[in-house]
Amino acid sequence: MRRSISEEKVFKDPVHNYIHVQDDLIWRLINTPEFQRLRRIRQLGTSFLTFHGAEHSRFSHSLGVYEITRKIISQFERGSYPDWPKEERLVALCAALLHDLGHGPFSHSIEEAFHMNHEDWTCRILTEDTCVNEVLTSHDPDFPRKVAAVIQKSYDKPIVSNLVTSPLDADRMDYLLRDAYYTGVNYGTIDSDRILRLLRPYKDRVVVKQSGMHAVEDYLMSRYQMYWQVYFHPVTRSSEIILRQIFRRAKELFRDRYPFQFMVEPLPALFEGNPDVNQYLRLDEALIQTAFLQWTYEKDDLLRDLCCRFMHRRLYKYVEIDHIDKETIDELRQAFQEAGLNPEYDLEVDFPTDLPYDEFPSGSIASHKQILLLDRFDQLREISEVSDIVRSISGIHRGRSHLYYPEDKLRTVWDTLPADVTSLLAR
C-alpha cells in the first residue's frame, strides 16, 4: 500500500528544476547511509580532470533518474493506460532511485581494475544486511528481491525494467542532460519534455508515439556526440589509465607483502578481491584519494610516481593513430624495454568504441534493445526502419586508437629510440 508523507519534499535541481518526493518509502531510502554515500562518488569518474565542472555525484544523478521515472509514471496514470500495471509504481520508483547504489569510487575504472560489476553490488546492497534492505523489507518482505530483479532485468513485468534500463530510459535521459550541464557542452541538451510527453506503455514495453521521432533522433545523436566529446575524451582516458595503473601496482605490492607506509581498511579486502558489503560501502572517493595522496610519499618509485601524476594532474601524453597492429605494439614495447623504460606501465594502447544504436533485422520488434515507435494505427515499428538518421548510425562500431606514454620519461631516452618509434610518437 502506498504511504504518502505528510508534506511533499522537494530538492532544488539544476537539471529538472525540482525533484518531488511524495512517498514515505522513497524519503526513507534517500536518508539511508548507503544512498547518502553516493554523494561521495562522482558521476563522471575522472572527467573532473578534463572538465573542471564535472564534480556532480551519483547522488544527484540517482535523484534525477527517480524524478524522470516519477514523471513518466504520473503521465501513465493520468492517461489511464491499461498496459501500465499501477501496482508496480513503487517498485519502479525504488529501482530508479537505487539503480546506481553499487557504484564504487571512480565508478567504471575501479570495476575494470578489480573485475567487479556495480549492478552485482547494487543487488547485494539491496538484499543483504543493510539499512536500505531494512527500509525496503519494512514496506514488503519481498520488496528487496523485486527491486533487485528490476535492476537485473529479470522482473516478471518487463515494462518496469524498461523504464529504468532500455535504449530510451530514465537513466540515459538524466545522465545526458546532467553530464552536459556540468561539463558545459551543448551536445546533451535533448528535448526530454517532448520525449516524456510522447512515451506510452504498450504491452510489456515503453514505446514512443511516432510524432516524437525527431526528438528521439536528437536524443540518439546527442548520446553519440557526448560519448566522443566527453566520455571518451582522450585526456579523461589518460587519467583513467593512470588510475587503473595505480590500483594494479598497489595490488602487486600488496600481493608481494610490501610494507606500505599507509594502509587503511577496507583496502586490504579490496586487494584480496573479497570485500563484504559493509567493507565495500566504506569505499568512496575521499578514502581512495587520501590513500593516493599518502602514497605520493611511498618508497616504491613506480607507485609514488603514478600517484603524483594522478593527484597533481601530470597525465600521460597521447597521440592519435589511424591503425595499429599487434606487431607494431610489440615493437614499441621492445623499444621501450631496451631504452630502460617499463612498457607494462609506460605504454598504453587505448581503443574506445561505441555503438550509437544497434542493428536489427527488418520487421523485428522482439528485442528490448530497440526503440519502438507507435503509429496512428497502433502498430509498432522499430525506429531505424522509419528514420534515415537512425539508420545511418545503426550497427556502426566507431573507434579511435591512441597511444599513451609519460612524456617526461620518454624525453630522457628519446635519442636512444629507433627512428620509426620516434616518428610514430611525435605525431
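The buried residues of helix α8 are F143, P144, V147, A148, A149, V150 and I151, where buried means under 20% relative accessible area, exposed means over 50% and partly exposed lies in between, with a 1.4 Å probe and protein chains only. Because seven of the nine residues of α8 (143-151) are buried, this helix is largely enclosed by the rest of the structure. Here helices (H or I, at least four residues) and strands (E, at least two) are DSSP runs, numbered from the N terminus. The cover over the buried residues of α8 includes α1 (24-30), α4 (89-98), α6 (118-127), α7 (131-139) and α9 (158-164). Just after α8, K153 adopts a positive phi of about 65°.

A word on the ground rules: this is a predicted model, in which local features need pLDDT of at least 70 and side-chain atom pairs count only at pLDDT 80 or more, while totals for chains, interfaces and linings use all residues. Residues are numbered from 1 along each chain as its sequence is written, and side-chain values use heavy atoms, with hydrogens and water left out.

**Helix α16**

In helix α16 (residues 285-295), the buried residues are E285, L287, I288, Q289, A291, F292 and W295. Their cover includes α13 (234-255), α14 (267-272) and α17 (301-311). Where α16 starts, a side-chain oxygen of D284 comes to within 3.2 Å of the backbone nitrogen of A286. As background for reading such lists, an α-helix has 3.6 residues a turn, so residues three or four places apart point the same way.

Strands β1 and β2 are joined by a hairpin through three residues. They run antiparallel, with six bridges between them; two strands pair if DSSP finds at least two bridges between them. Within this pair, F11 stands opposite I19 in β2.

H16 sits in the loop between β1 (4-13) and β2 (17-23). Is H16 buried or exposed? With a relative accessible area of 11%, H16 is buried. Setting aside residues up to four places away in sequence, H16 touches G64, E67, I68, K71, D174, L177 and R178, a contact being heavy atoms within 4.5 Å. The side chains of H16 and D174 are joined by a polar contact of 2.7 Å. A polar contact is a pair of N or O atoms within 3.5 Å; within protein, one must be able to donate a hydrogen and the other to accept it, and residues adjacent in sequence count only if both atoms are side-chain atoms.

**Helices α3 and α10**

Helix α3 packs against helix α10 (residues 170-183) at an angle of about 125°, with their axes 8 Å apart. That makes α3 oblique to α10, since angles under 35 degrees count as roughly parallel, over 145 as roughly antiparallel, 65 to 115 as roughly perpendicular and the rest as oblique. Axes are lines fitted to C-alpha atoms, for helices over the stretch in contact, and angles run from 0 to 180 degrees between N-to-C directions. In this packing, S60, H61, G64, V65, I68 and T69 of α3 meet A170, D171, M173, D174, Y175 and R178 of α10.

**Two open sheets**

Another open sheet has three strands in the order β5-β11-β6, with antiparallel pairing. Here the edge strands are β5 (317-321) and β6 (348-350), and each pairs on one side only. The twist averages 25° from one strand to the next.

| Pair | Bridges | Sense | Facing residues |
|---|---|---|---|
| β3 and β4 (205-209) | four bridges | antiparallel | L199 opposite V208 |
| β5 and β11 (401-405) | five bridges | antiparallel | Y318 opposite Y404 |

**Y345**

Y345 belongs to helix α19 (residues 343-346). At 2% relative accessibility, Y345 counts as buried. Which residues is Y345 in contact with, leaving aside its neighbours within four places in sequence? They are Q245, R248, R249, E252, L302, L306 and Y316. A polar contact of 3.0 Å joins the side chains of Y345 and E252.
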